[in-house]
Amino acid sequence: GPGLKVISTLSVGFDHLALDEIKKRGIRVGYTPDVLTDATAELSVALLLSACRRLPEAAEQVKSGGWTTWKPLWMCGYGLSDSTVGIIGLGRIGQAVARRLKPFGVRKFLYTGSGPKPESAAEFGAEFVPLTRLAEESDFVVVTCALTPATQGMCNKDFFGRMKKTSVFVNTSRGAVVNQEDLYNALSSGQIAAAGLDVTTPEPLPTDHPLLSLKNCVILPHIGSATYATRSTMAVLAANNLLAGLRGEPMPHELKL
Amino acid sequence: MWYHQPAINEELLQSLPNLKVVASSGVGIDHLDLKLLSSYGVKVANNPFVVTTDTADLGMALMLASSRRLVEGHEMAVSPDTEYFPADWLGVEVSGATLGIVGMGAIGYKVAERAKAFEMKILYHNRNQRKKEEESAVGAVYCKKIDDLLQQSDFVLLAVNLTPQTHKLIGKRELELMKPTATLINISRGLVVDQDALVEALQNKVIKAAALDVTYPEPLPRDHPLLKLKNVIITPHIGSATKKTRWIMMEEMAESIEAGLAGLPIPREVL
């Protein structure tokens, strides 16, 4: 309605906001960057590890009785030691992910995005490469970019086609960055080894969606920032953003339109 | 031999008079009667180094999966009964929490290196204190008494080997010393924990949760209470389960056997 003055979103992503319209109407927007970086980066690493070491699959085998005798190659996954990790979007969350992955023995970090970020990349010796090279050379791909017209559907048939058969794909950005049909085909045909998704399109996926049937796809219910501590901080921040907006004051975290 | 099979006892050794070398997969040798083998002149080799990294990685994976409710979350996300994701479904952060490592050997130390990147506060209990440089590299604080570690930790991770001294190291007393909000992670051996005491502690919310790669026995009998508890994640002893590591283990075992049969010094011999 015409009386709307402030929008306060409980997220750092703002792809769900029609920014042109909002700007036209002089509405201010508050959001919650930084405070959710650690929790989201932590969840991204948790998801990566669960996917590459097949945790939900293995846990299910224990419960179902599928675990009978032990065989040397049963339930084997992929290790991080000596690996190449490619980060799509070396922003706050991307950097926090790299920081957490470094001691796992990662040999090389690659990253891609709209442009190189030398200061951010220096800590990890990360190399800026085109998307295609990142796909070709990475053992682990982690998507932590914002959803924009440029990144929409970016992870598609061509992308997955370039990835290694032994590679693991992790998306904790936004579902729409991934072409889900192409991802399904890549996973089911063995073009890539496994995937971990905290985000999908839509959320939740329809009950008959093919991705849900794949053993090598770990799907989580968009819990990147879902911890008691972080959500509390986000909620307080969002409330303060809103109140400041209504009072015509500077917001703790205002989105520049 | 892979994973404790076949069981090596007097009968077996007597039936194999020409047996010279036993190559045992992995680093654990608690299943071997070394005195018995030695009395038959049989040499033993294991894989002490190659399993370290993958096992430490799995320890971290279990801690993160437990704290952020990953297995539960995955089940919810793929369940046909899920209509929407509730906004108040929350986990607890690992970042900034206190990790107590019981057994700071090669594996325990690698866990510390990984945990440090999550800004965890690290305590450790070990037979001996590590060198100052090793401690400060990971910011680990030595707890000479295990009680101090248990009382302060949000996550207690077991990375000791199984010996008569570590058998049932974590029992009712130790579990009661832990915080009610704490999680026990076991990547060592099932018998390091008094399993019945653990079940009781989990049922009575004496501790919050457990994540176990090892139990006793493996696998657990189908009606075991641990399989039914909601606050437990159990994985089927996959600490070293990556293709690369398992291949290296096989190569190492073959190498040790060949050396033994040739009468040469045995790489990775257990003395």
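Predicted model: local features only at pLDDT ≥ 70, side-chain atom pairs only at ≥ 80, totals over all residues.
I took local features only at pLDDT of at least 70 and side-chain atom pairs only at pLDDT 80 or more, while totals for chains, interfaces and linings use all residues. Residues are numbered from 1 along each chain as its sequence is written, chains are lettered from A, and side-chain values use heavy atoms without hydrogens or water.

**Entry: A:Tyr31**

I found A:Tyr31 in the loop between β2 (28-30) and α2 (37-52) of chain A, helices (H or I, at least four residues) and strands (E, at least two) being DSSP runs numbered from the N terminus. A:Tyr31 is buried, with a relative accessible area of 13%, where buried means under 20% with a 1.4 Å probe and protein chains only. Leaving out residues up to four places away in sequence, I listed what A:Tyr31 touches, including A:Phe14, A:Leu237 and A:His253 (contact means heavy atoms within 4.5 Å). I also noted that A:Pro252 lies 221 residues from A:Tyr31 in sequence, yet the two are 9.0 Å apart in space, C-alpha to C-alpha.

**Entry: α9(B)**

After α9(B) comes B:Lys205, whose phi is positive, near 55°.

**Entry: α3(B) and α5(B)**

I then looked at where α3(B) meets α5(B), and found B:Thr52 and B:Met60 among the residues on the α3(B) side, with B:Ile107 and B:Arg114 among those on the α5(B) side.

Conventions. Buried < 20%, exposed > 50% of the residue type's maximum accessible area, 1.4 Å probe, protein only.
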